[in-house]
Amino acid sequence: MPQPPETLPIAGSKAAERPVLDRLKRMGITAWHEPLLCLPKSFLDFSQVATLKQALPRADVVSESHLFTLVVTEKACIVSQPKTRLILNATDGMLTVKIVVFIHPGIDVAAWKELEEGKKFHVRGSLQNWNGMLQMVSPDLIEPKMIGTVVPVYEKRRGVVADGAIYDATRHALEHHFEDTIKNLIASFHGLSEPDILRRARLKAPTIAVILKAAHAPSSEDEGLRGLAAMRRLAALSIVENAKRMKQRCPVPDSVVQIPPALIAELINKLPHPLTGDQKQAIREIVDDMASPLPMRRVVSGDVGSGKTFTIMIPALAVHRLGLRAVILTPNSLLADQFVKECKEYFGQDTNVIAVTSGTKKLDLTSNPILVGTTALLTRLKGEKPPAFFCVDEEQKMSVGQKVELTDLASNYLQATATPIPRTTALITHGAMNVSLIREMPVKKVIKSFIVTAGESRRLYEHTRNVLDAGGQVAIVYPIVDDEEQEKRSVVAAFADWDRRFPGLVGMVHGQMKEQEKLDAVAALKSGQKRIAIVSSVIEIGLTLGELRSLIVVNADRYGTSTLHQLRGRVARRGGTGYFFMFLPETVKPEAMQRLQLVVDHADGFTLSEKDAELRGYGDLFEDAERQSGNSRSTVFRCIDLTPTEIHAAASFEAKAA
């Protein structure tokens, strides 16, 4: 039977309080001013008791859940067949109901068996008609003290009412740490007064105390919902204010790099085709940032194929021409080699740019080369003067800790990502960064996306043959798994199957190959010697196949929308029509199918990113967070998943108020 928490120790007994707080450590709650900043998910209203007649199901449909006060007419008994269950009969004085409780771990059988004939008890559950009888299946027993109250629910736990660590902690905090919570919450807004906070959050409540009490100890469900809505507005404002604070930086004169416009124009003129307007604008913004006394902190965001590489390459070459150091960090050696190759192809074979990977034996910096490489660069640059220009390409592949380390190294820091970031999302995920968006595409292409289930797998082989006959290439992506050997086996087994169907035309690339084997395999694919690529998702982070017309992702439900969109962007890089298949060999959950359908419905990465954020929430916003996806948290509020609409509303009001 669910019980309200027992009386907790008094505030002065810190040793006794500690065990209660320790239960919340896994949520990051370590101090008593924090539990009340955890938002309830919903409320259970025990103030309204219904009669069985009022809750009768209509048209044999199960009724909504109601609270009932009943009297036992026939004591509980255990029935073992076909499933073990407890059965008792009860009445509210007018109608009789049969209560069936299926027994499984977590069910308090003793509490039900204690109900003697004639004893009054309270349950919450749904009525249904079963063989002409009124029945209630597995209702919740309610403690008498809870009748007449409205109870906030903090965690989704099936069959549990008003229970759990957060509930216990919030009851204690309401009684002993309420004023301390308010004081710390106001302080988290860095100088804003309580009236200013309420005004900027567009709230009419007279005090924050009224809001917290309404959310955690409401007198009615409506009051609780109003308190919850007000806390969500405070959380959205907290995010916006935190983003503004993170952007505040001190001037660093040594970071200033003045790049002459003529030098930028000279480098752009060497490219084989003109830049798009968005590419030119991004380069201008980077050049302007480096000329500022404030060190550059910028992210360049654009779809795969939008030409982000040139927005990195041009500033890096310009910095190098001025005699300063430029460093570009890539997530893997394949992308590092590709960057170096393209740089020499466009700007001359004598361009002083080198790839640095874990296999690089010696690194000679006397000629000041442009350095392009993996995280192996981190150890090589320790003790060296920070580069004038430091770019991290595909930054989402790196941990937050690595990014912070790089920011410490770099005077001017640029991130480039193929995960499109709408303005609202940028405010959340890159609060300390300025953002350059590249939406224009250098070439026109149309990629048709499909979800394919196991019963339709034959279509994939037929389609592949059609693509090959038309002179195109096909890639099949298999998911990376925790077990390295299992990853290798899955790709190798798939290679054997496809090679049997298309002998001599299949190449293979996976993460467990030796470096030279990987480079040779990629060369065979790029030259067209091999027409079908069986790969792990290394293709996602930069491997370009010019003739790739079709890409199949196996077990697509294991990927997020961002990764799927980046994989899709590898198709038809030179323009025209391409095909993207998300293959599901097994049945997937509805929410996974909903996510995949977003990819089918939205070809524009910026729209997809916003829709995905609406579906699953934003990434963790703590500055030291390692989690980079999932529900958004401000720096103080917890148990909340804010939507882009809520953040946008707070940001828009802040902009008008500024």
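**Salt bridges in the predicted model**

In this predicted model, Asp604 has a relative accessibility of 29% and therefore counts as partly exposed, since that class lies between the buried limit of under 20% and the exposed limit of over 50%. Arg439 falls in the partly exposed class too, with a relative accessible area of 46%. The side chains of Asp604 and Arg439 meet in a salt bridge, with an N to O distance of 2.9 Å. This pair links distant parts of the chain, 165 residues apart. Asp604 lies in the loop between α19 (590–601) and α20 (605–616), whereas Arg439 lies in the loop between β16 (434–438) and β17 (445–453).

Across the whole structure, the search finds 12 salt bridges. One of them joins Glu241 to Arg200, the closest N and O atoms being 3.3 Å apart.

Glu456 is partly exposed, because its relative accessibility is 30%. For Arg459 the value is 38%, so this residue also counts as partly exposed.

Salt bridges also occur as a network, which links Glu285, Asp289 and Arg298.

How values were computed:
Residues are numbered from 1 along each chain as its sequence is written. This is a predicted model: local features need pLDDT of at least 70, side-chain atom pairs count only at pLDDT 80 or more; totals for chains, interfaces and linings use all residues. Side-chain values use heavy atoms; hydrogens and water are left out. A salt bridge is a side-chain nitrogen of Lys or Arg within 4 Å of a carboxyl oxygen of Asp or Glu. Helices (H or I, at least four residues) and strands (E, at least two) are DSSP runs, numbered from the N terminus. Buried means under 20% relative accessible area, exposed over 50%, partly exposed in between (1.4 Å probe, protein chains only).
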